[in-house]
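Okay, thanks for coming, everyone. Let me put the structure up and then talk about some aromatic rings.

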Amino acid sequence: MKNLGWWQIIWQAPYIWCKDWWGAVGNAVYAAVNWLWETLFRTTVSVKSWQILWPAFGDTLYMSIVSTIVAYILGLLLGIVLSVTRKNGIRPMRTLNAVLGVIINFMRSIPFLILLAMLFPITKDVVGKKSGTVAVVFPLIMSAFPYVARMVEGSLNEVDGGVLEAAQAMGSTTFQIIRKVLLPEALPSLINGFSICMTTILAYTAMASAAAGGGLGSVAITYGLNQNRYDIMYAASIMLVVLVQIITITGTVLNRKKDHRLR
Amino acid sequence: MSLAETENGALLQEKKDTIIELQGLRKIYQVPGGEVTALNGIDLSIKRGDIYGIIGMSGAGKSTLIRCINRLDTPTDGKILINGRNVLEMNRGELLAMRRRVCMIFQQFNLLMQKTVARNVRYPMEIAGVPRARANERVTELLKIVGLESKANAYPVQLSGGQKQRVAIARALASDPEVLLCDEATSALDPMTTQSILTLLQDINKRMGITIVVITHEMAVIRQICTRVAIIDGGTIVEEGPVDDVFVHTKSAAGKRLFGIIKSEEDDSAAPDVPALRIVFDGGKQNQPIISDLVRKCDVDVNILSADMKRVGGKSFGQMLIELPENMEDRAKIITYLQGQGLTVKEVLSE
Ligand SMILES: Nc1ncnc2c1ncn2[C@@H]1O[C@H](COP(=O)(O)OP(=O)(O)OP(=O)(O)O)[C@@H](O)[C@H]1O
Ligand SMILES: [Mg+2]
């Protein structure tokens with residue numbers, strides 16, 4: 001890697017590492033899928049299509065997972081601060097809360113595509129290049145974390161004020177209340193928020209093509225829209241739909257399992 | 001031991017006797033378009049080991065008062081002394097330490113809904129850094145005290161209201177408090193459950209010597225467990241004293257409204273149509289079968305016309321109307337006997 005800062009290496013290295021083994025996994029999966037197709041439909045899956053779809057699938061996963069995790073961590077911290085410092089929170093701080101609120105609302109009101117363009121110069125500094133799959137992760141995080149912050153804030157604000165008051169009356173520090181009361185009590189709602197956040201980011205990755213990013217969305221656009229390869233477009237879309245379903249269902253199941261108010 | 005030391009000790013002892021003292025406590029809430037005076041100069045002193053009742057109508061300022069004691073709310077003015085230390089001058093560390101000594105239970109229980117009963121009870125020990133093994137032992141002990149050993153692994157949603165309040169009590173006891181503040185702790189419970197919770201509180205007070213402050217709007221609660229009571233109305237204490245005294249010699253309008261039990265002699269029910277005698281019980285004679293004694297000792301028949309009695313702290317209060325016999329000698333005997341027993345009697349003549 002030529003003249004990259006350490007943070008740029010941190011940003012790019014995981015993707016390069018993932019790409020290494022993803023291809024090998026793809027060959028194994030291809031064999032399995034091909035066998036399934038033969039038994040079910042008596043046709044084979046074209047190696048060419050597979051070579052388009054499989055890396056795109058990997059890119060989509062990479063972009064959504066990395067962005068979701070980073071955006072969620074940032075958003076969680078920010079959401080906690082927002083909830084704790086609000087007027088009736090456990091540690092009210094009016095000015096801080098108001099300032100953060102304004103910044104977040106400002107960032108949330110910029111459409112993703114415009115943010116993507118606005119961030120080009122910064123992305124170049126942070127990631128080391130301004131386009132491509134790894135680069136798109138940065139604007140994705142930037143556009144998602146304010147949204148996550150609001151969602152987390154909402155989940156935390158739902159926690160019964162009486163319970164927080166009881167925790168205060170028992171002599172808990174603010175940090176203890178956050179860690180042992182606020183977050184565990186809001187957990188089911190936070191899980192829901194996480195899965196919503198992930199599906200939203202997944203949808204945004206489809207716009208990554210605008211910055212020469214990869215992924216299923218960009219494959220669907222390049223092949224379907226520009227080359228009339230409808231089979232690839234539909235395959236890519238179906239894969240996206242299935243991904244969204246898996247995330248949503250997992251979220252719902254986990255939410256039910258973790259919510260002890262329901263029994 | 002020198003005399004000076006003894007005196008010092010005695011002084012300390014006397015100082016120690018008062019555990020909570022409120023001086024000129026005022027709380028003004030700023031609301032849009034004005035202010036609400038929730039507390040208007042409260043002076044109160046609560047002795048160690050008491051079960052102290054604070055009773056008042058809705059909006060009288062009870063919750064505000066109790067929330068000021070452990071500083072969940074900050075008063076506008078005044079002093080709150082706990083063991084002689086002003087709560088309002090404590091820094092954050094001291095405040096947290098104080099809150100671990102002054103625990104609280106609530107009307108809505110306020111349990112952690114995502115944690116088991118055992119984890120709820122362990123919470124105060126977790127935040128105080130008690131080692132895991134010891135904390136778990138203590139949880140078992142506490143659950144035994146409140147009679148919920150079998151529910152250790154249940155979640156609050158699986159419990160009844162009374163059981164939830166028991167968990168809340170166990171949780172409050174986990175940090176070995178000196179004081180237990182109860183804000184309407186039984187108001188969400190049915191009469192039977194209320195009884196059992198009150199009995200538990202009384203038991204805790206006796207066995208562990210924990211001072212209990214009970215906030216309520218129900219006279220029955222005060223009557224059953226409290227040793228002293230303060231009546232709060234419009235943000236001020238209008239009456240204060242031992243439960244018996246306040247109960248019998250209710251002076252304030254607010255108190256009379258709240259109790260509504262001891263009728264004054266003027267508004268007595270219609271005069272009886274036979275010569276009768278009114279006997280007033282003011283708690284002086286404990287558990288003494290006055291009437292059957294009267295029958296045996298004076299060898300007369302006694303016909304009870306009406307009775308309006310209450311038991312407070314094991315004593316009888318109220319009045320009873322008995323028919324007087326025709327025979328003037330018997331009448332005199334009865335009156336002399338009852339007066340001899342220290343009861344107030346008054347002849348009520350028929351029209
Ligand atoms: N946060 C607040 N902001 C404004 N006013 C308040 C606030 N809390 C209480 N008050 C007012 O203070 C007064 C006393 O309220 P408080 O809650 O102490 O009454 P209470 O005696 O506990 O009544 P209840 O029996 O209904 O619980 C009421 O007039 C109430 O409206
Ligand atoms: Mg109240």
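So, which residues do ring pairs link into a cluster? They are A:Trp17, A:Trp21, A:Trp22, A:Tyr30, A:Trp50, A:Trp54 and A:Phe57. Rings of Phe, Tyr and Trp (its six-membered ring) pair here if their centres lie within 6.5 Å; planes under 30 degrees apart are stacked, over 60 edge-to-face, and the rest tilted.

Quick housekeeping: this is a predicted model, where local features need pLDDT of at least 70 and side-chain atom pairs pLDDT 80 or more, while totals for chains, interfaces and linings use all residues. Residues count from 1 along each chain as its sequence is written, chains are lettered from A and ligands numbered from 1 in the order written, and side-chain values use heavy atoms, leaving out hydrogens and water.

Searching the whole structure gives 13 aromatic pairs over all chains. Take A:Tyr30 and A:Trp50: a tilted pair, 5.5 Å centre to centre, with 55° between the planes. A:Tyr30 sits in helix 1 of chain A and A:Trp50 in helix 2, 20 residues apart; helices here are DSSP runs (H or I, at least four residues), numbered from the N terminus. Both residues are buried, meaning under 20% relative accessible area, with exposed over 50% and partly exposed in between (1.4 Å probe, protein chains only).

Next, A:Tyr72 and A:Phe194 pair edge-to-face, at 4.9 Å and 70°. A:Tyr72 is in helix 2 of chain A and A:Phe194 in helix 8, so this pair ties together parts 122 residues apart in sequence. A:Tyr72 is buried at 10%, whereas A:Phe194, at 30%, is partly exposed.

Notes:
Helix = DSSP H or I, 4+ residues; strand = E, 2+ residues; numbered from the N terminus.
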